[in-house]
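Hi everyone, thanks for coming.

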Amino acid sequence: AADLPSPSRGPRPAMTSIGDLPEDVLVELLSLLPARELLRTCRLVCSQWRYVVDLNTLWKRKCQRDGFYRQSYDRSISDWKIFYMLCHMKKNLLKNPRAEENFQHWTIDANEGDKWKIEDLPGAHGSHMSDPRVHKYFVTSYGPCLKSQLITLAKEGYWNQLMDEIRPEITVKDWYAARFDCGCRYELTVRLLSKDWICLEEFHPEPVVIEQWSDATWREISHTFQNYPAGVRHIWFQHGGQDTQYWAGWYGVRVTNSSVTIGP
């Protein structure tokens with residue numbers, strides 16, 4: 001019988017593992033995973049994965065994937081992981097800002113006159129807002145009406161080291177309006193508080209007085225806290241006002257669409 005060719009006796013090629021991939025390919029693959037999995041699982045696999053998960057390039061790639069990246073950011077952002085986390089967590093920290101859940105989540109601090117009330121936009125002698133998500137507003141009476149919310153940052157995912165070392169910007173916005181036929185007064189106070197409730201920084205502008213026969217348009221007030229002291233653990237937001245003519249009913253300032261956000 002003819003001799004059959006013998007199988008090759010040479011060494012078999014080594015099996016390729018994910019750890020043998022070039023760094024840029026590994027960055028591309030790991031950037032597909034959720035941040036929580038990267039930090040809590042992948043980073044613990046081995047020293048190589050820990051090194052890759054900590055790379056700025058991986059988090060920059062995640063920012064690109066999730067739509068958080070702009071080329072103009074390249075020179076200003078030193079830590080893309082923190083930037084990604086801030087973008088990913090960014091939301092309105094005030095609950096029920098548009099009066100959709102009655103007064104739930106709000107603390108009523110002053111409720112004089114005929115007390116706070118909720119009305120539908122545009123309301124009597126009022127105007128619509130440009131934001132189509134807003135359908136209701138809170139309205140004050142002829143005595144002082146104030147309401148507030150306390151935000152505890154740790155409960156919202158903002159850890160102490162982040163607030164003390166990175167100190168991301170804290171932006172506060174509020175919308176207010178008067179009726180056409182009655183004057184009103186609007187006021188806002190926002191405080192950054194320590195764990196012991198000490199006020200570390202405050203935004204408290206002069207109250208706004210709107211005269212009778214105004215255009216009744218909605219106005220935005222905005223403030224951004226920057227370079228505030230370390231130790232911020234809570235944010236306290238309070239707003240409200242009253243009418244200036246002491247008419248029975250709900251002729252005072254209207255407020256809605258309030259927001260407190262933390263972001264890069």
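Let me start with a question: which residues do ring pairs link into a cluster? The members are F103, W106, W116, F138 and F237. Before we go further, please keep in mind that this is a predicted model.

Let's stay with the rings for a moment. The structure holds 13 aromatic pairs. A pair of aromatic rings is described by the distance of the centres and the angle of the planes. Take F103 and F138: their ring centres are 5.5 Å apart and their planes stand at 40°, so this pair is tilted. F103 sits in the loop between helix 5 and strand 1, while F138 belongs to strand 3, so the pair ties together parts that are 35 residues apart in sequence.

While we are at Y176, let's see who else is around. Setting aside neighbours within four places in sequence, Y176 is in contact with several residues, including Y186, V208, I210, W218 and V255.

Next, the helices. Please find helix 4, residues 56-66, and helix 5, residues 80-89. They pack at an angle of about 30°, with their axes 8 Å apart. Why do we call helix 4 roughly parallel to helix 5? Because the label applies to angles under 35 degrees, and that makes helix 4 roughly parallel to helix 5. Helix 4 passes helix 5 in a left-handed crossing. On the helix 4 side, the contact is made by N56, W59, K60, K62, C63 and D66, and on the helix 5 side by W80, K81, F83 and Y84. Sorted by class, that contact has five nonpolar, one polar and four charged residues.

Helix 4 has another partner, helix 1, which covers residues 23-30. Here the axes come within 9 Å and cross at roughly 45°. That makes helix 1 oblique to helix 4. The crossing of these two is right-handed. V27, E28 and L30 in helix 1 meet T57, L58, R61 and R65 in helix 4. By class, this contact has three nonpolar, one polar and three charged residues.

Back to helix 5 for a moment. How many of its ten residues are buried? Eight are, so helix 5 is largely enclosed by the rest of the structure. The buried ones are W80, I82, F83, Y84, M85, L86, C87 and M89. And what covers them? The cover includes helix 2, helix 4, helix 6 and strand 11.

I'd like to finish with some details of the backbone. Most residues other than glycine have a negative phi, and most peptide bonds are trans. With that in mind, look at the peptide bond from L121 to P122: it is cis, with omega near 0°. You can find P122 in the loop between strand 2 and strand 3.

Then there is H105, whose phi is positive, near 80°. H105 lies in the loop between helix 5 and strand 1, and at 38% relative accessibility it counts as partly exposed. A216 also has a positive phi, near 65°. A216 lies in the loop between strand 8 and strand 9. Is A216 buried or exposed? A216 is buried, with a relative accessible area of 5%.

Note on methods:
Residues are numbered from 1 along each chain as its sequence is written. This is a predicted model: local features need pLDDT of at least 70, side-chain atom pairs count only at pLDDT 80 or more; totals for chains, interfaces and linings use all residues. Side-chain values use heavy atoms; hydrogens and water are left out. Axes are lines fitted to C-alpha atoms, for helices over the stretch in contact, and angles run from 0 to 180 degrees between N-to-C directions. Helices (H or I, at least four residues) and strands (E, at least two) are DSSP runs, numbered from the N terminus. Angles under 35 degrees count as roughly parallel, over 145 as roughly antiparallel, 65 to 115 as roughly perpendicular and the rest as oblique. A crossing is left-handed if the near helix is turned anticlockwise from the far one by less than a right angle, and right-handed if clockwise. Contact means heavy atoms within 4.5 Å. Ala, Val, Leu, Ile, Met, Phe, Trp, Tyr, Cys and Pro count as nonpolar, Asp, Glu, Lys and Arg as charged, and the others, Gly among them, as polar. Rings of Phe, Tyr and Trp (its six-membered ring) pair if their centres lie within 6.5 Å; planes under 30 degrees apart count as stacked, over 60 as edge-to-face and the rest as tilted. Buried means under 20% relative accessible area, exposed over 50%, partly exposed in between (1.4 Å probe, protein chains only).
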